[in-house]
Amino acid sequence: MKRFKKIIACAVVILLLYVGYVMVSTGYFRTIKNSFDGKVVKKIKITGAEDITIIPETDFALVSASPRKKDITEQEKLGGLYLVDLNSDAYHVKKLTADLDFPFAPHGISTYKLDSTYSVMAVNHTQKGHSLEVFKLKNTLLTHQRTITDAAIMSPNDVVMIDESRFYFTNDHKYEEGVGRLLEDYVGIGLSNVIYFDGAEYTEVATGIGYANGINYDSKRALLFVASPRDFKVKVYDTNKDGSLNFIEDIDCDTGVDNIEFDQEGNLWIGAHPNLLAFSSYAGGGNEISPSELIKIEYRGTNDYTIEKIYVNDGSEMSGSTVATPYQDIILTGSVMDSHFLVLRPNN
């Protein structure tokens, strides 16, 4: 009997330690104090604007959105890519994918400038599975080019194009469900990865990441940045000519980093989730709101960077922030499920 009691006591201690670890490592105890030196200048009515990027050398933003509060059938019908005109305070919106004839619930997006057009790639999640959809954008007309599927595209989250045929993408999980998924999400076991496509073959170039999420490529420095929200880190890699990666370092961000965008100086702008448990409950229909955070990272080199908190909110103004996209003197801020996204203007 005494031995049995000891076993039970040990099990209870282990359980308590595990619960404590999960709560600490997901930001549960962090105090969220609203902070932003600036103002909201516009609320743009696009539901679930998860990813936003500026189309190079234009005054347009490309927005990937799906109504994630609805079931997958409705997301496939209502999801789409949108063009937002940033050249006036009206911020005119045009849905580019209104005439698509296949299910489309987009997630991460990337663009690459060609001669007079742009190649656009979007992660697509549907009932039939996952794919990468490729489009051509000319002026304000978007034309679907092809659908990419492969066993390597197991749980895609975000993608970045290197050129018209080469790209990297993240798989945020190894397991779709079951114990494996539980271990990834709550124990924090890093099993997700980064895949490189060289135009012919898929290669796993990074693994052991806790929920590989946003990804972006700095072509001037040949650096690849990958967000790991479960570990509260941005992982930095040096890229080789064959697409392989050399790990440089982790940037500890103290928040659940999501999508990554750059400004003109090469600084990283990131939407983030400071409390992952609150976000998980919010995304699952539990909490009504979830805290949001926007950060800016000036990365100068190994062990030489500065992190600035641009915006922190308890979720009452913006819930589940996913992206912070700078353009001139404003910031476009996407979120998981809000019925609109905010345009912010910092005072400095």
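## Aromatic pairs

Tyr168 and Tyr196 are both buried. In this predicted model, the count of aromatic pairs comes to 12. One of them joins Phe104 and Phe135: the ring centres are 5.7 Å apart and the planes meet at 65 degrees, which is over the 60 degrees required, so the pair is edge-to-face. Phe104 sits in the loop between β6 (93–95) and β7, while Phe135 belongs to strand β9, so this pair ties together parts that are 31 residues apart in sequence. With a relative accessibility of 1%, Phe104 is buried because the value is under 20%. Phe135 is buried as well, with a relative accessible area of 2%.

The rings of Tyr168 and Tyr196 also form an aromatic pair, with 4.7 Å from centre to centre and 40 degrees between the planes, and this pair is tilted. Tyr168 is part of strand β12 (residues 167–171) and Tyr196 is part of strand β13 (residues 192–197); the pair links distant parts of the chain, 28 residues apart. Ring pairs also link Phe167, Phe169, Phe197 and Tyr202 into a cluster.

## Overall make-up

The protein has 348 residues, and 51% of them are buried. Its secondary structure consists of 4 helices and 25 strands. If contacts between residues at least 6 apart in sequence are considered, 51% of them join residues at least 24 apart.

## The largest pocket

The largest pocket holds about 1500 Å³ of space. Its lining is made of 50 residues, and those closest to the centre of the pocket are Ile54, Glu261, Phe262, Asp263 and Gln264. Strand β7 (residues 106–113) provides the largest share of this lining, with 5 residues. Sorted by class, the lining of the largest pocket contains 21 nonpolar, 15 charged and 14 polar residues.

## The second largest pocket

For the second largest pocket the volume is about 1100 Å³. Here 35 residues form the lining, and Asp172, Arg181, Tyr211, Phe279 and Ala283 are the closest to the centre. By class, this lining divides into 14 polar, 13 nonpolar and 8 charged residues.

Which elements each supply at least two residues of the lining of the second largest pocket? They are α2 (72–78), β7, β11 (156–161), α3 (178–187) and α4 (276–283). Helix α4 gives the most, with 5 residues.

## Thr111 in strand β7

Thr111 is located in strand β7. Its relative accessible area is 14%, and Thr111 counts as buried because this value is under 20%. Leaving aside residues up to four places away in sequence, Thr111 touches Thr53, Ile54, Pro56, Leu62, Ser119, Val120 and Met161. One of these contacts, Ile54, is also among the residues closest to the centre of the largest pocket.

Strand β19 (residues 256–262) is mostly covered, with 6 of its 7 residues buried. β19 runs antiparallel to strand β20 (residues 268–273), and 5 bridges join the two. Within this pairing, Gly256 has His273 of β20 as its bridge partner.

The two strands form a hairpin with 5 residues between them. In the turn, Gly266 has a positive phi of about 85 degrees.

Most residues other than glycine have a negative phi. Glu57 is not a glycine, yet has a positive phi of about 65 degrees. Glu57 lies in the loop between β3 (49–54) and β4 (60–65). Is Glu57 buried or exposed? At 71% relative accessibility, Glu57 is exposed, because the value is over 50%.

Asn139, also not a glycine, has a positive phi of about 55 degrees. The position of Asn139 is in the loop between β9 (129–138) and β10 (141–148). Asn139 has a relative accessible area of 64% and therefore counts as exposed, the cut-off being over 50%.

Definitions and conventions:
Residues numbered from 1 in each chain as written. Predicted model: local features only at pLDDT ≥ 70, side-chain atom pairs only at ≥ 80, totals over all residues. Heavy atoms only, no water. Buried < 20%, exposed > 50% of the residue type's maximum accessible area, 1.4 Å probe, protein only. 1 Å grid on protein atoms, 1.4 Å probe; cavity = no way out; pocket = protein on both sides within 12 Å on 5 of 7 lines; lining within 4 Å. Points joined across faces, edges and corners; volume = space filled by probe spheres on them. Nonpolar A, V, L, I, M, F, W, Y, C, P; charged D, E, K, R; others polar. Phe/Tyr/Trp six-rings, centres within 6.5 Å; stacked < 30°, edge-to-face > 60°. Contact = heavy atoms within 4.5 Å. Pairing = 2+ DSSP bridges.
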